[in-house]
Structure formats: structure tokens, C-alpha cells
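Please read the following note with the sequence and the structure open beside it. The points are set out one topic at a time, so that each may be checked in turn.

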Amino acid sequence: MTDNNFIEFKNVGKVYPNGTVGLENINFSIPKGQFLVVVGLSGSGKSTLMRTINRMHDVSSGDVLIDGKSIIHYKGKDLRNLRREIGMIFQNFNLVKRSSVQRNVLSGRVGYYSTWRSALGLFSAADKQKTVEALQ
Ligand SMILES: Nc1ncnc2c1ncn2[C@@H]1O[C@H](COP(=O)(O)OP(=O)(O)OP(=O)(O)O)[C@@H](O)[C@H]1O
Ligand SMILES: [Mg+2]
């Protein structure tokens, strides 16, 4: 690995519990600061690839490195720290329609709060200000 590589996939495979192959022997490196577009047919594994990076599911084989560290066995605090560094916009947006626009944006900050504070919506004034700026 060169020091410049930020995300690396090494022989990554993902087989879903029903036997469907989502990823097969995927190898690539993304250097820091690179803007990358992944293009492929429906069902080719783009979403599976994204879910592998933020560990929404486990891989079946191979390794994924972020900033030189293998993330495939992360649990607990390591996993929470990894996820809060990743911004993810879901294919179907996953907006909570009964919540306000601001509350939906604030959900991107829940990784920085205790469970009870985020459940009660007790976000800081600084974070609320950030959402206003982001929405503008
Ligand atoms: N939870 C799952 N269980 C079983 N198979 C799945 C699951 N999720 C995805 N697949 C299968 O894995 C393969 C890759 O799907 P994936 O959703 O990653 O494709 P995609 O490239 O994101 O497609 P699209 O462009 O339609 O969003 C497909 O064959 C799909 O049917
Ligand atoms: Mg998809």
C-alpha cells in the first residue's frame, strides 16, 4: 500500500445468506482526496460495495482497509467512530417523514451523542446552527 491510499479493497467477496453473490474478488484502492464514481448495471453490487465500506454488513472473504486499518472486524466504539466519519446518502434517502427537515439533517450527528440524548432530540445549539447553514 502507498501512504496515499485511503480506502482499499483486497479480494473482497460478499455472499448473502440466501447464496446470492453480491461481490466477487473485488480489488481497488482509492487515494486520499479522490472523487470516485462507481457505475454498473442494476444488481451489479454497487450498494453492496457501499454497505461494505460502512460495515452495514460483513464481508464473506478478503479485507477492507481504511487509512491503513482493517475495518472488517470492528465492533462497538471502533465501529461507531468509523460510521460517524462516513456520510451516507441512501438510495431511497431513508428520510423520516414525521420528523422535521432539520431533525432529518441532525440525524447525521447521532454518532456524536449518547443514545438517550439523540432519542430525546437533545442536539446542541452549535449542531442546530450547522444544520441551518448546511440546508441554506
Ligand atoms: N439483502 C440481500 N439478500 C440477498 N441478495 C441481495 C441482498 N441485497 C442485494 N442482493 C443481491 O446482490 C446483488 C447486488 O445487489 P446490489 O443491491 O448491491 O446492486 P446495485 O448495483 O446497487 O443495484 P441497483 O443499481 O439496482 O441499486 C443483486 O443480485 C441483488 O439481488
Ligand atoms: Mg443500489
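Is Phe-35 buried or exposed?

1. Phe-35 counts as exposed, because its relative accessibility is 75% and the term applies over 50%. It should be kept in mind that the model is a predicted one. Phe-35 is found in the loop between strand 2 (21–31) and helix 1. Together with Val-37 and Val-39, Phe-35 makes up a nonpolar patch on the surface, and the accessible area of these residues together is about 410 Å².

2. The division of the chain. Two domains are assigned: domain 1 covers 5–84 and domain 2 covers 101–135. Between the C-alpha centres of domain 1 and domain 2 there is a distance of 27 Å.

3. Four strands make an open sheet, with the order 2-1-3-4 and antiparallel pairing. Strand 2 and strand 4 are at the edges and have a single partner strand each, so one side of each has no neighbour in the sheet. Strand 3 and strand 4 run antiparallel and are joined by two bridges. Within this part of the sheet, Leu-65 is placed opposite Ser-70 of strand 4.

4. The magnesium ion. Which residues coordinate the magnesium ion (ligand 2)? They are Ser-47, through OG, and Gln-91, through OE1, at 2.0 to 2.4 Å. Ser-47 belongs to helix 1 (residues 46–53), while Gln-91 is in the loop between helix 2 (76–84) and helix 3 (101–106), so the pair ties together parts 44 residues apart in sequence. Ser-47 counts as partly exposed because its relative accessibility is 29%. Gln-91, by contrast, counts as exposed, at 71% relative accessibility.

5. The structure has four salt bridges. In one of them, Lys-32 pairs with Asp-67, and the closest N and O atoms are 3.7 Å apart. Lys-32 is in the loop between strand 2 and helix 1, and Asp-67 is in the loop between strand 3 (61–66) and strand 4 (69–70); the pair therefore ties together parts that are 35 residues apart in sequence. Lys-32 is partly exposed, at 48% relative accessibility, and Asp-67 is partly exposed as well, at 41%.

6. A salt bridge with a buried partner. Arg-55 and Asp-58 form a salt bridge in which the closest N and O atoms are 3.1 Å apart. Arg-55 counts as buried because its relative accessibility is 11%, and the limit for that term is under 20%. Asp-58 has a relative accessible area of 43% and is partly exposed.

7. A network of salt bridges. Arg-109, Asp-127 and Lys-130 are linked in such a network. The side chains of Lys-130 and Asp-127 meet at 3.9 Å, N to O. Both of these residues are in helix 5 (residues 125–135), where they are three residues apart, or about one turn of the helix. What is the relative accessible area of Asp-127? The value is 5%, so Asp-127 is buried, whereas Lys-130 is partly exposed at 48% relative accessibility. In general terms, side chains of opposite charge can pair when their charged atoms come close.

How values were computed
Residues numbered from 1 in each chain as written. Chains lettered and ligands numbered in written order. Predicted model: local features only at pLDDT ≥ 70, side-chain atom pairs only at ≥ 80, totals over all residues. Heavy atoms only, no water. Donors = N, O, S within 2.8 Å, 3.2 Å for Na, K, Ca; no water. Buried < 20%, exposed > 50% of the residue type's maximum accessible area, 1.4 Å probe, protein only. Patch = residues over 30% accessible without salt bridge, like charges linked within 9 Å, V, L, I, M, F, W, Y side chains within 5 Å. Areas by Shrake-Rupley, 256 points an atom, 1.4 Å probe, with all protein chains shown as cover. Domains from an automatic or database assignment. Pairing = 2+ DSSP bridges.
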